[in-house]
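User: I would like to learn how to read the features of a model like this one. Could you take me through them step by step?

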Amino acid sequence: LAVRRAILVPLLAAGCAFTFVFALLPRPSSADGFALRVLSRLEQLRISGSVIHLRGATIIARCNELHGRRELISLAHGGRIVVRETHVHLVRRQRLTVSAMQPAPFAAEADLAGPRLLYVHELIGREAARSAAVRARGATYLVRLSGAGPRVDLVVSRATLRPLAVEYRSRVLTARATLVTGRRGC
Amino acid sequence: VASLQTGSGRSSSTLRTIDAKFSQSASIIRPIRLRGSAASTAQAGRLLARRRLRLHGQPSQLEAALPTILGAWAASRALVLGTAAVVQALRWPLPAWYASAGDRPFAVLQAWDARWYRVVAARGYLDIPHHQSDTAFFPFFPALMNVLRPLGLSSWTSGLVLANLGLLAALVAVYELAVTWLPEAAARRSIVYVALVPLGYVFSMAYPESLVLAAMAGAGAAAVRRRWALAAALAALAAAGRPEGVFVAVPLAALAARASRAELPRALAAAASAPAALAAVAAYERVVVGDPIAFSHAQVEWGRRFSPLGIGHAVGELLHASGNNLWLARDATFAVVYALLLLVAYRVRVPWPWIVSGLAIVVLPLETGSFTSDARFGLLALPVYAGLARLGESRRADLALRIAMAMLLVGGTATIVDRWP
C-alpha cells in the first residue's frame, strides 16, 4: 500500500495539474489553427510576382528577396518598392498607379505584388493577437492579412492551401492580384 | 523557548535542539493520552494543559512574526505600486510606450511577459513555427487568472492581484522555511529582504514568480514538518508555474532520504510531485500544440538554446557587449551576487540540497548562452535570502541593506519600460 501510494500521489498531482489547466485555459480557435497551416505553407514556397488588376488596368509585378530579409518589388512600368518586415519604402517613383490617387499609396501595390515575407509577418501579427479570420468562398479560403485601414485578404486553395490571389479593399480603392508561385522570387 | 528566541542569534543551535525536543514531546504526549492507563492519561493531560497555557500565553512564532511580514509586504508594495503610478503619470522614461499601452492603471506592471500570460489566459496556447510563441510560458498562472474571471476581474487586474497576494503568501512561507534554517530574528530579516529584493518589482507584475516562490517555500516548510501531502501539492504547483519550480524536488528528495521507513513512501511521493507536474505541463502542450516540449523549443526564438558551452557563450556575450548593454551587466551582476549569497547561506548551514537547488536555478539558465533575465530567475533561489539575513546580522548592516535594496527596488520599478526583468 505504501509503495502504491508513493506512485499514486505524483500521478494524482500530475493529473490534477493537467485537469486544472485543461479546464481553465481556452483552446485556439479553428481559424487560428487554419491560419497556422497557411503560414506553414507560405514558409515552404516562393512567390515570384503577381498580375495586378486595378481599375481596369493590368500591371505585372515581380518580387525578389534581398539581403537582410528585405523584398524588392519591381512593377512593369518602372516603380520599385522595398519591403522590410511590415515597412514599405518607395525606391523609384515612376508612374505608380495608386500613388496618384492616395496620399500613402504604394502600400497597396506592395500588398498586391506578392511579398511573401510581408504576408508572413502580417499573418504572424494576427496570430499573436489571436485575431485570425478565415472565410470560405467556393473552392478557396480567404485569410485576413490586415484589417486595420485597408483590408487585405489572401486567397488560398481549399485543397492545397497554395496562395492564389490577394484582394485589397480600402475606402477609395478595390483591387485584386493573381499570385504567381515558383521556385524563385520572394 | 520564547525568551531564548527573542535573544541574540548566537543561541541558534541550542534553540533548534530545544525546538526539536519540544516537537518530539508534543508528539509523544498524544499517544500516552490515547493509549495509556488512566493515571498516565491524567499526567499527560496535565502536561498538555501546562503546555497549552504556555503556548496560549505567548503567540506562536508565526503569529509573532505576522506584523513584520505584513509590514514588509505593505511597505515594499507601496514602494513598487507608488513608483509605477508616478512613472506612468509622468509618461517616463518612454512616452511612446505609454501611448501604445493605454491608460490602464499600473500599465508598467503589465508589460513584457505579462502580456504573454494574458494572451494565454484569454486565448490559450498557439505554437507559431519559427516565431516567438506563448508556449514558452507555463500554464498555471494564466489558468489561475481565469479562476478570478467570475469575480468580474479583467485578466489585466487578476494578474496583478494574484502576483501581489502571492508575495504575501510567499513571505509567510519563506518565514516558515527560514525558521528551520536560521535563528528567528534572522528568519524575520530574510522576509524583509524578500520583500525588498531589487528585482522584487517582478513580484508585483503579472508574472508567476511570487506564487511559485510561495509554493516552493511552502513545499519545503511542509516537508520539514512532515506534512507530505501538502508538500506534494505545493511542489506540483511550483513546477506547473515556472520551470525553476521543479528544483524544489532536490531538497524534498533529500528530506525523503532521511525520512523514517514508515514515512518514506509519502516523502518520496512529495519529492516526485514536482517532476510529475512538469510532465503534466508537457502532456498539456502535447495535447494542445502537438509538441510536449514546446515550452523549451519556443525559447529558441528568444535566442536561448541549451548547450554544454552555454556559460562560455554567456560570458562571451557579456564581454562583447562591453558596456553597451548595461542591462546585461545588471543581470550578470545579480547572477554573481546570488552565487555569493548562496555561498554565505551554505556557511550558515542552510541544508546543502537547498543550496544545490538554488545554484541550479541561478546557473542552469546560463547554459542557454545568456545572462539575460538571470536576475529574475534567481529570485526563486530561496537560500539567497538566508545569505542576505546573515549579512544583515548587525543593526547597521541591516539598515544599510534595507535602504540600498529599497532604492534599487524603486529604481528597478521606474525603469521597467526600458528593459524586461
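User: How many residues does the contact take from chain B and from chain A?

Analyst: Contact here means heavy atoms within 4.5 Å. By that criterion, 34 residues of chain B and 28 residues of chain A take part. Keep in mind that this is a predicted model, where local features need pLDDT of at least 70, side-chain atom pairs count only at pLDDT 80 or more, and totals for chains, interfaces and linings use all residues. Residues are numbered from 1 along each chain as its sequence is written, chains are lettered from A and ligands numbered from 1 in the order in which they are written, and side-chain values use heavy atoms, leaving out hydrogens and water.

User: What area do chain B and chain A bury between them?

Analyst: The size of an interface is often given as the accessible area lost when the parts come together. Buried area is that loss with a 1.4 Å probe, summed over both parts. For chain B and chain A the value is about 2600 Å², with 77% of it on carbon and sulfur atoms. On the chain B side, Arg123(B), Leu126(B) and Tyr284(B) lose the most area to chain A, together 25% of what that side buries.

User: Which residue forms a salt bridge with Asp134(B)?

Analyst: A salt bridge needs a side-chain nitrogen of Lys or Arg within 4 Å of a carboxyl oxygen of Asp or Glu. The partner is Arg130(A), with the closest N and O atoms 2.2 Å apart. The count between the two chains is 1 salt bridge.

User: Now the strands: how many bridges join S6(A) to S7(A)?

Analyst: Strands (E, at least two residues) and helices (H or I, at least four) are DSSP runs numbered from the N terminus, and two strands pair if DSSP finds at least two bridges between them. S6 (residues 134–137) and S7 (residues 140–146) of chain A run antiparallel and are joined by 4 bridges. Arg137(A) stands opposite Thr140(A). This hairpin has 2 residues between its strands, and Gly138(A) takes a positive phi near 60 degrees.

User: Which residue in S10(A) is the bridge partner of Ala165(A)?

Analyst: That is Thr178(A). S9 (residues 163–169) of chain A runs antiparallel to S10(A), with 5 bridges joining them, and this hairpin has 4 residues between its strands. S10 (residues 174–182) of chain A also pairs with S1 (residues 46–54) of chain A, in the antiparallel sense over 8 bridges. In that pair, Ser50(A) stands opposite Leu179(A).

Notes: Buried area is the accessible area (1.4 Å probe) that two parts lose on being put together, summed over both.
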